[in-house]
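Please put the structure up on the screen, and I will talk us through it slowly.

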Amino acid sequence: MEAKVLKMLIPMALDGLKATIGVFALTLIVSIPLSIAVAKLRISKNKIISNIIGMYIYVMRGTPLLLQLMFIFFGYYRVPVIGYAFSREQAIFIAFILNYTAYFAEIFRGGINSVDVGQYEASQVLELGKSHTFMRIILPQVIKNVMPSIGNEVITLIKDTSLIYILGAGDILKAAKSVSNAYAAFSPYIYIGFVYLVITAVLTKILGKIENKYNYYR
Amino acid sequence: MVLSVENLSKSFGKNKVFSDISFSVNRGEIVCIRGKSGEGKTTLLRCLTGLEDADKGSIIINDMFLCKEENSHIKYAQKAELVAIRQEIGLVFQSFNLFPHMNVMENLLEAPTFLKKEAAETIRKRAEVLLKRLELEGKEDSYPFQLSGGQKQRVAIARACMLNPSVLCFDEPTSALDEQTRAQISKIIRDLASQGIAIIIVTHDNAFVDEIAQRIITMKDGFITVD
Amino acid sequence: MKKNVFQTIKLAVLFILMALMIAGCSDGEQAPTETLTMGLDDTFAPMGFRDEKGNLIGFDVELAEEVAKRIGVTMKFQPIDWSMKETELNAGNIDFIWNGYTITPARQEMVAFSKPYLENSQIIVTLIDSEINTKADLSGKNVAVQAESSALDAINTDPEVAASFGKLVEFSTNNEAFSDLEAGRSDALVVDEVLARFYMKQNGQENYKVLEENFGDEEYGVGVRKSDTELLEKLDKALDEMKKDGTYDKIYTKWFSEN
């Protein structure tokens with residue numbers, strides 16, 4: 001019986017893995033740079049901008065990602081925000097990116113604020129220019145500060161990818177459900193549980209390596 | 001006169017920090033600005049080095065106007081000119097503010113490399129000469145957290161000198177040091193002055209003032225008396 | 001600094017839009033004939049689910065394909081989450097809800113149903129050697145059921161019997177409920193007959209017993225939007241024809257052999 005289960009599960013899981021890793025990767029690639037920009041806007045001296053961004057962060061962190069997925073895909077025709085209806089894939093990416101950008105932005109905001117103001121002043125006196133100062137002096141120090149928190153969110157993200165089920169999309173967890181129902185067996189869930197553990201182990205190792213890279217100084 | 005300050009005033013809101021300050025500094029002079037804490041010495045220094053904007057008055061460095069009075073408003077130099085003028089006056093911070101994620105050599109190379117005015121080879125050679133003169137040979141690859149207080153200060157001095165300033169300012173240079181390193185910093189400052197760099201030291205360490213000052217400016221209640 | 005920040009945002013937004021357009025491009029080739037979409041939970045055996053190659057199979061799937069042929073459309077199958085089915089239908093993302101969809105008065109307010117095409121009951125299943133034979137025998141016993149299912153609803157329409165249970169345990173899937181029965185922790189299981197027969201076939205029908213008494217009969221129908229009256233007519237006509245000319249029976253026998 002297990003052989004039959006595995007025979008069906010493995011190809012379905014590999015297929016589902018595309019969605020799991022795809023959502024994970026695209027969200028990270030877009031969210032992290034975007035969140036640095038959002039964090040800077042949040043710190044902006046312009047009160048209007050700072051408050052608007054603050055609102056956005058509050059809404060995205062204050063509602064479940066599941067709800068956001070549903071709202072972005074199903075909500076458009078009730079709340080005429082845009083006349084355009086998102087496809088399932090678009091809704092998934094928009095929801096994940098908007099949601100995780102908010103979380104990362106708060107992390108980066110904390111990290112930026114914790115860099116000593118003396119670093120900015122030394123850069124100013126050395127005429128390094130605002131953008132060069134941010135990229136070469138401030139950001140590297142921020143990254144060292146925030147790596148552990150970023151790592152946490154990354155691990156959470158890989159698990160959050162299973163939420164795409166609400167829009168009917170298939171990831172590895174849905175593959176488990178399909179096989180489980182087809183064979184009236186529970187073991188597919190156990191196998192997929194292992195898959196998540198393996199992915200998390202790999203991610204944790206990579207994150208650890210990155211953190212170590214920044215530990216060459218104190 | 002390498003630096004000339006005329007009728008400089010600065011307030012934070014209703015709080016008048018100093019007003020109508022005038023003085024000048026010549027090449028190779030060592031000038032100490034002293035006064036009790038909170039008298040505005042550091043703010044004056046920050047105005048000279050561009051970290052703060054003054055409200056009124058003018059600052060002239062090497063015959064270039066950093067700022068001047070025009071139609072009873074203060075007007076600052078702009079863009080490229082501003083950057084060029086501000087490079088003429090350097091600052092060694094009280095807490096040094098070295099870049100912790102860069103080693104000593106990288107700290108030194110960062111600004112001149114970015115400003116791109118010389119070849120990389122030339123910049124590097126100058127850095128090596130400076131490090132040698134400041135007795136930091138062998139420390140090129142060390143990181144700030146691995147250095148002693150005195151060593152960090154010397155790196156901060158070297159870093160400021162990499163831009164060839166005509167004026168070098170020090171904010172409370174002796175506050176973090178012990179006796180022995182104080183003697184060392186005296187020697188270094190005198191050495192720099194002998195190369196023609198004008199030195200402005202803000203300090204409330206009267207013993208140090210007595211030891212090193214050629215001229216003394218005292219700040220009190222927002223005004224100065226020049227010795 | 002702000003200029004740089006805005007530039008970054010502009011680039012990021014551009015990037016997102018590009019990604020969206022690429023993502024959006026992937027689904028959308030128009031078939032020459034009209035295409036209708038059937039929404040289903042593609043993990044719901046035996047009505048609509050995947051085989052070991054990942055192909056979509058099931059009783060409802062085959063019925064739908066046959067109906068599509070008869071009314072002259074191409075049927076597209078869209079996996080959805082079951083809890084969102086009416087929302088998907090009314091949003092226009094799907095045209096049919098067809099997945100073991102029980103006709104209830106509450107649902108009749110939200111969608112239009114076809115004529116019933118399959119009968120279902122909420123049956124009571126025990127292990128073959130159980131001493132339980134009637135509803136009364138359930139008194140003091142442990143009963144398992146799937147959470148949020150029509151089985152649970154059916155139990156609740158019989159509150160006296162429900163109160164007599166020793167324990168009523170809800171599981172998120174019927175598989176878990178069956179496992180609990182086999183482990184001996186639950187004495188009986190209340191479940192859709194259609195689902196139960198499929199599961200029992202998987203695990204050996206001889207291991208189970210189905211009681212004569214049950215918790216009620218119900219019917220499956222196909223859900224369409226209330227405004228699609230013409231579509232509903234065509235659908236009912238096609239289903240009628242299939243019942244008359246034996247196609248329906250063929251498909252039925254394939255999926256549900258009697259116990």
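Predicted model: local features only at pLDDT ≥ 70, side-chain atom pairs only at ≥ 80, totals over all residues.

B:Val2 is buried, because 21 other C-beta atoms lie within 10 Å, and here a residue counts as buried if 20 or more other C-beta atoms lie within 10 Å of its own, as exposed if 12 or fewer do, and as partly exposed in between, with the C-beta atoms placed from the backbone. Residues are numbered from 1 along each chain as its sequence is written, and chains are lettered from A and ligands numbered from 1 in the order in which they are written.

Where does B:Val2 sit? B:Val2 is in the segment before β1 of chain B, where helices (H or I, at least four residues) and strands (E, at least two) are DSSP runs numbered from the N terminus. If we leave aside neighbours within four places in sequence, B:Val2 is in contact with residues including B:Val25, B:Asn62, B:Ser166 and B:Ala198, and two residues are in contact if their C-beta atoms, placed from the backbone, lie within 7 Å. B:Phe99, by comparison, is 97 residues from B:Val2 in sequence and 30 Å from it in space, C-alpha to C-alpha.

Five strands of chain B form an open sheet in the order β2-β1-β4-β5-β6, with antiparallel pairing, and two strands pair if DSSP finds at least two bridges between them. At its edges are β2 (15-25) and β6 (73-76) of chain B, each of which pairs on one side only. Neighbouring strands of this sheet are turned against each other by 20° on average, direction ignored; axes are lines fitted to C-alpha atoms, for helices over the stretch in contact, and angles run from 0 to 180 degrees between N-to-C directions. Helix α1 (residues 41-48) of chain B packs on the sheet and touches β1 (3-12), β2 and β4 (56-61) of chain B, its direction making about 60° with that of β2(B).

Within this sheet, β1(B) and β2(B) run antiparallel and are joined by seven bridges, with B:Leu3 opposite B:Val25 in β2(B). Their hairpin has two residues between the strands, and in it B:Gly13 takes a positive phi near 65°.

Strand β10 (residues 215-220) of chain B runs antiparallel to β11(B), with four bridges joining them, and B:Thr218 stands opposite B:Thr225 in β11(B).

How many helices and strands does chain B have? Chain B has seven helices and 11 strands, and buried residues make up 41% of its 227 residues. The radius of gyration of chain B, 17 Å, agrees with the value near 17 Å for a compact globule of 227 residues; this radius is taken over C-alpha atoms, and the globule rule is 2.2 Å times the number of residues to the power 0.38.

Finally, I turn to the neighbouring chains. 15 residues of chain A are in contact with 20 residues of chain B, and α5 (117-125) and α6 (130-160) of chain A are the elements that give two or more residues to that side of chain A. The most, six residues, come from α5(A). Chain B and chain C, on the other hand, are joined by no contact, and their closest C-alpha atoms lie 14 Å apart.
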